[in-house]
Amino acid sequence: MANKQNELTNGMFSNNPIFVQALGMCPTLATTTSATNGLGMGMATLAVLIMSNIVISLIRKLVPDKIRIPVYIIIIAGFVTMIDLLMHGFLYDLWKTLGLFIPLIVVNCLILGRAEAYASQNSVFKSILDALGMGLGFAGGLILLGSVREILGAGTWFGLPLWGDAFNVFIMILPPGAFITLGLLAAMFNWMGISREERKKKKEKAAKKAGESA
Amino acid sequence: MKIFLIFMSAILVNNFVLQRFLGICPFLGVSKKIDTAVGMSLAVIFVMVLASVITWLLNGLLVIMGLGFLKTIVFILVIASLVQFVEIFLKKVSPGLYEALGIFLPLITTNCAILGLALLNIQNNYGLLETIFNALGAGFGFGLALILFAGIREQMDFADIPKPFKGLAGTLITAGILSMAFVGFSGMIKL
């Protein structure tokens, strides 16, 4: 059971696709002008990732090694087209704001990366868990980035007004805001990692000292 | 006149990297040195123009057959095989150019700027000539952003950057500041 949990949390935290692996940067930066858009893009990517991981894991023994990449790309492109048409039918407003970036899920390195690195070598059940972990990690990152940008830039969160027009940093909604917010968030996670390691080292040193004096 | 406006707008106002966020992976990946940035830019301009023309022609065919919804699948396959074909062709015909572009060509398949450009040309209902100039502008815009950024990053190697900002974080913030410069162009050309 611990192993299964690992598959899930690996993508969500320790190997987060956005902040640790820096995969799928284009949609991350482009579609996070608000928390709602981030959520929509995250869910669309999650759906494609789960379905492509399932199919690729099912056919992993049938596909010849040499042509595997084109086969994976066709499978992914098929699912992306399905999602594109579904969103056009049922979520027209979101489809319009995300625009170009829905068909561009095809070239999101995260999806092809998981197909190549994980689903082509593991069982269906494990691949679903891996897709869930990675997809939720990606969606979580998008929602976090979208929330920060929306709160600072427009003073709203998921469309709910927080403090009116009194304090809005408009540049956060513009393209530079995306780069700077993601950079600052990445620096924050780095800093947390560095200080955690330093604390660990200090503890080890203290333990050593205590051991020596005893 | 409209063609010139499309060209300039793709370079400055709607810069593919800094305003539209297309092709961020190579922008962050191969911008450590100016030499490699120049090589990558040339390869991207070349493939962009070729891919735009071919996908534009194919889209006409798809629309006639009533298969417009298949364009994402068809385009990505065309781009992937086109890149392979260009690689083989250059190796035979012009080994010098192949040497210069060689390593960057395979990387271009996963560059979302190429597929994005092909889809944008269709979305905006461009004619063939407009498509070619939009592709040229997008390619030059990509090159401009990449080479500027590589120049900044070469200087950054000598700077004393706080530890948490080393690597991806510092790179992203630098890109943000560069992007701010390009925001100044917004609204200058309305198409």
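Predicted model: local features only at pLDDT ≥ 70, side-chain atom pairs only at ≥ 80, totals over all residues.
**Stop 1: A:Phe158**

Select A:Phe158. This residue sits in the loop that links β1 (156-157) to β2 (160-161) of chain A. Its relative accessibility is 34%, so A:Phe158 counts as partly exposed. Check the backbone as well. Phi of A:Phe158 is near 50 degrees, a positive value in a residue other than glycine.

**Stop 2: chain A as a whole**

Zoom out and colour chain A by secondary structure. Chain A has 8 helices and 2 strands. Along the sequence the order reads α-α-α-α-α-α-α-β-β-α. Taken along the principal axes, the C-alpha atoms of chain A fill a box of roughly 70 × 55 × 30 Å.

Of the 214 residues in chain A, 46% are buried. Contacts are worth a look too. Among those in chain A between residues at least 6 apart in sequence, 72% join residues at least 24 apart.

**Stop 3: A:Met51 in α3**

Select A:Met51, in helix α3 (residues 35-58) of chain A. A:Met51 is partly exposed, because its relative accessible area is 25%. Show its contacts. Leaving aside neighbours within four places in sequence, A:Met51 touches A:Phe79 and A:Ile83.

**Stop 4: A:Gly78 in α4**

Next, go to A:Gly78 in helix α4 (residues 68-90) of chain A. With a relative accessibility of 23%, A:Gly78 counts as partly exposed. Draw another distance, this time to A:Val106. The C-alpha atoms of A:Gly78 and A:Val106 are separated by 8.9 Å, although the residues are 28 apart along the chain.

**Stop 5: B:Thr72, across to chain A**

Stay with A:Val106 and show what touches it from chain B. B:Thr72 is in contact with A:Val106, and also with A:Thr81 and A:Pro103, not counting residues up to four places away in sequence. B:Thr72 itself lies in helix α4 (residues 71-93) of chain B. Its relative accessible area is 5%, so B:Thr72 is buried.

**Stop 6: B:Phe21**

Move along chain B to B:Phe21, in the loop between α1 and α2 (24-29). Is B:Phe21 buried or exposed? It counts as buried, at 4% relative accessibility. Phi of B:Phe21 is near 60 degrees, a positive value in a residue other than glycine.

**Stop 7: the largest nonpolar core**

Select A:Leu104, B:Ile24, B:Phe27, B:Ile108 and B:Leu115. These are the residues with the most contacts inside the largest nonpolar core, which has 96 residues. Centre on B:Ile24. Residues up to four places away in sequence aside, B:Ile24 touches A:Met25, A:Cys26, A:Leu29 and A:Phe179 in chain A, and B:Val17 in chain B.

**Stop 8: the cavity**

Rolling a probe the size of a water molecule over the atoms shows where empty space is left. How many cavities of 30 Å³ or more does a search of the whole structure find? The search finds 1. The volume of the largest cavity is about 80 Å³. To locate the largest cavity, select A:Cys26, A:Pro27, A:Leu104, A:Val107 and A:Asn108, the closest to its centre of the 14 lining residues. Helix α2(A) gives the largest share of the lining, 3 residues. By class, the lining has 11 nonpolar, 3 polar and no charged residues.

**Stop 9: the largest pocket**

Finish at the largest pocket, with a volume of about 730 Å³. Its lining has 33 residues, and the closest to the centre are A:Phe101, A:Pro175, B:Asn14, B:Gln19 and B:Arg20. Colour the elements that give two or more residues to the lining: α2 (25-30) and α5 (92-98) of chain A, with α1 (2-13) and α7 (112-123) of chain B. The largest share, 4 residues, comes from α1(B). Last, colour the lining by class: 18 residues are nonpolar, 12 polar and 3 charged.

Terms used:
Residues numbered from 1 in each chain as written. Chains lettered and ligands numbered in written order. Heavy atoms only, no water. 1 Å grid on protein atoms, 1.4 Å probe; cavity = no way out; pocket = protein on both sides within 12 Å on 5 of 7 lines; lining within 4 Å. Points joined across faces, edges and corners; volume = space filled by probe spheres on them. Nonpolar A, V, L, I, M, F, W, Y, C, P; charged D, E, K, R; others polar. Core = buried A, V, L, I, M, F, W, Y, C linked by side-chain atoms within 4.5 Å. Buried < 20%, exposed > 50% of the residue type's maximum accessible area, 1.4 Å probe, protein only. Contact = heavy atoms within 4.5 Å.
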